[in-house]
Amino acid sequence: MDILISGLLLGGTYALMAMGLNLQYGVARIMNLANGEMLVLGGLAAFWLFTASAISPLITALVVAPLAFAGNWLIYRYLLLPLVRRSKNQGQLEVDSILATFGISFALVGVMVSIHGEYITYSYLADPFSILGSTVALNRLVAFLAAATIGAALYIWLNRTYAGTAVRAVSVDTEAAGLVGINVDRISALAFALGGAVTAVGGTLISTFITLDASIGVIFTMKALIIIIMGGVGDIRGAIIAALILGLVETTVATVIDPGLTLAAAYVIFLAVLLFRPQGLFGRRTS
Amino acid sequence: MNRRTIMVSFSSALLAAGIAGLTAASVIAADPIKIGVVSHLTGPLAGGEAVTHTPNIELWAKQINDRGGLKVDGEQRPVEIITYDDKTDPAEHIKAVQRLATQDEVDYMLSPYGTGFNIAAAPIYAKYNYPLVAVSAITDKIPELSKRFPNMFFTLGTTSGFVEGVRDTLVTMRDAGTIGNKIAMVNVADAFGIELADTARPILTEAGFEIVYDKSYPLGTPDISPVVKGAKASEPDAFVAWSYPPDTFALTEQAIIEDLDVKAFYTAVATCFPAYADKFGAKIEGNLGAGGINPDTPAMQAYRKAHKEVTGKEADYWASATYYASLQVLEQAIEGVGSVDREATIDYIKNNSFDTVLGTISFDENNNSERYWSVGQWRDGVFRAVADTGMGDSVPAVAKEGWN
C-alpha cells in the first residue's frame, strides 16, 4: 500500500513536469529545451513570495499561470513563429527550435542566477498526512491533486470543446488543419502558451517538496522528454499514464530492491517502450 | 557576459584622489593586483559556491581595498577580482584557468569549489605555478597530491578525519547512554557519498556499531521517502547520511514527515547552511551535520558580523570561515613576501604560520593544515562544532529530542 500511494504521488509529480512539454512539442511542434527553466522559474516565484511575504505557493500558482501564459505566448509569437514560418519541413523546425530554445534556456538560467544563485528551498505543508495507513507528505498530495485536476481539465478541454478539437487537429496535421479553416498559428501559440503555464504552475507546486536551483532545469526537461516519448507525443493521456507508470516502478524498485536502482529501472522501461512500441504508449504510428 | 569584474577599486581610488587633491588623475591608486577565480556560477555546484565561496571573496576584496590595498614593493596595491563561470564543467574549468593565466595574466588564483574540481584542475594550476590554498577539497590523498603539486595546500581535512569525527561523536553519545549500537546509513551515489560510505563502513564497525540499513540513492532522486521508510523500519538508534545539499534538505523533510525519531540524526553537506535553519526552524534542534564552528572566539564573531554587513547574508557554519581563512593566508603570504612573486609566496605559505579567523594555522610536510571542525550540531540557531581535528574547542554532542 505504501508503494502504491507513494508511487502514485511521484507519478503525479512527473505528470506535472511532462504535461506542459507535451502540449508544446505535440501541438506547437516546438522541442522546447527551456521547458525545465520555465518550471524552475515557477518554483523561484513561489520561493521568493513565500520567504519575502509569506504568500502561500498555492496563491502564487494562480498568479504564475497567467504570467507564464502571457510570457510563453510572447516567446512563441516573436521568437519561434519566425522559425515556424521559414522552416520547410518538420525536421528543420525541430533543429531550429532546439537551437533557439537552448539559447533561451541559458538566458533564463542567467536571469535566475542573478535573482537567487543559491538553493531554492523552503518548507510549505511539510506535514505528515495519513491515507489508508500510509504516511505521505501533504505538499506531495496537494501537488498530486493539482496534477489530477490539470490533467482532467486538459483532457476535457481537448475532447469536449471546439478550441480543444482544433488543438487536436493541429497536433495531427498542420496542413490539413489549415485547409479546414483552423488558424494554425493562433492554435499553436495557444498550445505553446498553455504548455508553458502548466509547466510553470507545476514548478510552483514541485518547489514545495523538491530543492531546486537556477541551473537544475535541464534535469526536468530530460525527465519530461522521456515521459512524453514513452506516452506518445501529443497525447495528454499518454503523458499522464507514462508518468504514473514511471512513479510506480521507481517507488517499487526503491522499496523492494534498492533505492540505488531507480534510475536504472526508469531507463529500462524507457528502452522497453522504444523497442516494442516506438511511437509511445498512445502514439500514432507514422505512415 | 562571461567575464565579470566583481570588484573595482572605487574606495582606494577615492582615497588616493582625496589625499592627492590637485593631481588626482596621476595618482589614482597603483595598478591592482589581479586575482583570478574560476567559479561555478551556473551548473550543479552553483548553489554551494554561492553560499560558501562567492560572498567571502566579495568580503575579502572589499576589506583589503577599504584599507588601501596590499602592501607590496613599498606601495599599497588594491586587488581586482576576475571571475569566470565554468558551468560546473571540468573541461570549461581548465580552459578558464588557462585563460586567466595566459590572457588576463592574473597574479594569483583562488581555489575552486568541490573536491573533484580541486583535484581535476590541480595539474593546470601547478603548470602555471599558482599557489592554491584549497578549501572544499576533502580527500585521503593529500600526501600524494602535495608531492605531485607542491603549490597546493589543504585546509578542510581528510575523508577519514570526517568519518572519524562522526564515529567519535557517536561513540561519545553511546558511552553517555544516549544511543545504542544500531546505525542506519545511506549515501548519495556520487563520488563524494560513495567514498565517505566506503570509509565509514569499516570505521563504524570497528567501533562496535552495527549498520542495520545501508543503501545508496542516485543524485537528484525526486522522492526520498522509500529510503527514509526503509531506514525507519530497521529501527536504528542513529541515522547517518553522506548526502549532498538537495538530498540533505529532502532527507530531513522526510524524516520529519515519517517521524524518524532517533537521538542522533546526521546529514552531511548543507546541514551547516543558514538556509537549512531558515527552512526547518526549531525542528532541527540537535541535528548533526558536516562542519560546525566555534562561534565564541572574537575573530569568528567579527568575521560573521562583517560577512553579514557586507554581503547581506549569514556565513555558513563550516567552510565559509575556512575559505575566508584561505584568503587570509594568501593575503598574509603576499604581504610577507612583499612582492608579487608566486614562487616565493608558495615558499612563504609552507614555512610560516598565519593568523586567521580559525586561529593560527600552518601547514605540515604534506601542505596540510590539520586544524578543522568535522561535526557540528544545531543548538539554539547556531551550528556548533561537536568534533574536530586539532582545534580542541568542540563541545560534547547532546541527544536530539524529537522533531518539535
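So, chain B is assigned two domains: domain 1 covers 4-158 + 296-373, and domain 2 covers 159-293 + 375-389. Those bounds come from an automatic or database domain assignment. Keep in mind that this is a predicted model: local features need pLDDT of at least 70, side-chain atom pairs count only at pLDDT 80 or more, and totals for chains, interfaces and linings use all residues. Residues are numbered from 1 along each chain as its sequence is written, and chains are lettered from A and ligands numbered from 1 in the order in which they are written.

How far apart are the C-alpha centres of the two domains of chain B? They lie 31 Å apart. Across that boundary, 21 residues of domain 1 of chain B are in contact with 19 of domain 2 of chain B, contact being C-beta atoms, placed from the backbone, within 7 Å. On the domain 1 side, H3(B) gives the most, three residues. Helices here are DSSP runs of H or I with at least four residues, strands are E runs of at least two, and both are numbered from the N terminus.

Now the other chain. Here 34 residues of chain B are in contact with 30 residues of chain A. H3(B), residues 46-52, is one of the elements giving two or more residues to that side of chain B, but the largest share, eight residues, comes from H12(B).

E10(B) (210-217) is also among the elements on that side. E9(B), residues 182-188, pairs with E10(B) in the parallel sense over seven bridges; pairing takes at least two DSSP bridges.

Technical notes:
Two residues are in contact if their C-beta atoms, placed from the backbone, lie within 7 Å.
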